[in-house]
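Notebook open, model loaded. I want to go through side-chain pairings today and jot down what turns up.

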Amino acid sequence: PGTDWALTRLPAVLGANDPSSDDFHADHPVVRRLSEQFGSLRLGATGRWYEALATTIIGQRVVTADAGASREQLSRHYGTPSAVGQAHTFPSPTALLTLADHDFHRVGIERSRARVLRVAAKYADRVERLEGIPGPDATEWLQRLPGIGPWTTGITTAIAGGDPDAVPVGDLHIPRMVTFALTGHDNGTDETMLEALEPFAGHRQRVVRLVKLGGGGQEN
């Protein structure tokens, strides 16, 4: 199940629908070096807006490993078994809305994140209609939802929509990594990151991805 959809979606997931990469100019020595190292970085778009939003919500205020474990357990306990190995699909909006607080607690998700997950599930149909909407407009709409801020929308629009300009403001590590890569200064903040990324407006997510791929951007 889903094979036809996956094969149809595959080009977009691999970045075939990212023509803006052709207009990207790496006018910075570190970004230029990373661009040459990794080639033309095309940003993929899964088109799975509800799942991208819900998965990102699970990652709010916790480390990546804990978020991944909670997502896996949530899928195993409340998702649908797939035909591939031991994998389970992510719980549908309907299934998610039936879960009580103790069900979320069972998989390591406290009440505050569970509340925001219910918001994503409640508006899942509307969230899925963000497909094809420009990144800034999708961001504006998502941030009207309770518990959805710049960090969550930055990651969601990048994953689901392939937004080349999305920046996850409020992240623990990315501001320091990007600031150091582009300026050489330690202890970067959201403000210093956004200032350093300003010359790349329209492609800020692309630069963030390149820096992450390069392990921080600075040569050893």
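This is a predicted model: local features need pLDDT of at least 70, side-chain atom pairs count only at pLDDT 80 or more; totals for chains, interfaces and linings use all residues.

Are Y50 and F90 buried or exposed? I looked up both, and both are buried.

**Entry 1, aromatic pairs**

I searched for ring pairs and got two. One of them is F24 with F200, a tilted pair with 6.4 Å centre to centre and 45° between the planes. F24 sits in the loop between α1 and α2, and F200 in the loop between α12 (190-197) and α13, so this pair ties together parts that are 176 residues apart in sequence. I checked burial as well. F24 counts as buried because its relative accessibility is 16%, under the 20% cut-off. F200 is buried too, with a relative accessible area of 5%.

Next I went back to Y50 and F90, which form an edge-to-face pair: the centres are 6.0 Å apart and the planes make an angle of 65°. Y50 is in helix α3 (residues 49-58) and F90 in the loop between α4 and α5, so to speak distant parts of the chain, 40 residues apart.

The whole structure gives me 11 salt bridges. I noted a few of them.

R9 and E131 meet through their side chains at 2.9 Å, N to O. R9 lies in helix α1 (residues 3-13), while E131 is in the loop between α8 (124-128) and α9 (135-142), so the bridge ties together parts 122 residues apart in sequence. I find R9 buried at 17% relative accessibility, whereas E131 is partly exposed at 36%.

R206 and D18 make another salt bridge, at 2.8 Å, N to O. This one also links distant parts of the chain, with R206 in helix α13 (residues 204-213) and D18 in the loop between α1 and α2 (29-38), 188 residues apart. Both ends came up buried: R206 has a relative accessible area of 1%, and D18 has 4%.

For R144 and E140 I read 3.7 Å, N to O, in their salt bridge. Here R144 is exposed, with a relative accessible area of 59%, and E140 is partly exposed at 47%.

I also wrote down a network of salt bridges that links R48, E51 and R71.

What does the charged end of R48 sit over? I traced it to the ring of W5, 5.5 Å from the ring centre.

Last stop was P81, in the loop between α4 (64-78) and α5 (93-97). Is P81 buried or exposed? I get exposed, because its relative accessibility is 57% and the cut-off is over 50%. Leaving aside neighbours within four places in sequence, I find P81 in contact with A87 and H88. I also checked P81 against L142: the two are 61 residues apart in sequence and 30 Å apart in space, C-alpha to C-alpha.

Key
Residues are numbered from 1 along each chain as its sequence is written. Side-chain values use heavy atoms; hydrogens and water are left out. Helices (H or I, at least four residues) and strands (E, at least two) are DSSP runs, numbered from the N terminus. Buried means under 20% relative accessible area, exposed over 50%, partly exposed in between (1.4 Å probe, protein chains only). Contact means heavy atoms within 4.5 Å. A salt bridge is a side-chain nitrogen of Lys or Arg within 4 Å of a carboxyl oxygen of Asp or Glu. Rings of Phe, Tyr and Trp (its six-membered ring) pair if their centres lie within 6.5 Å; planes under 30 degrees apart count as stacked, over 60 as edge-to-face and the rest as tilted. A charge sits over a ring if NZ of Lys or CZ of Arg is within 6 Å of the ring centre and within 35 degrees of the ring normal.
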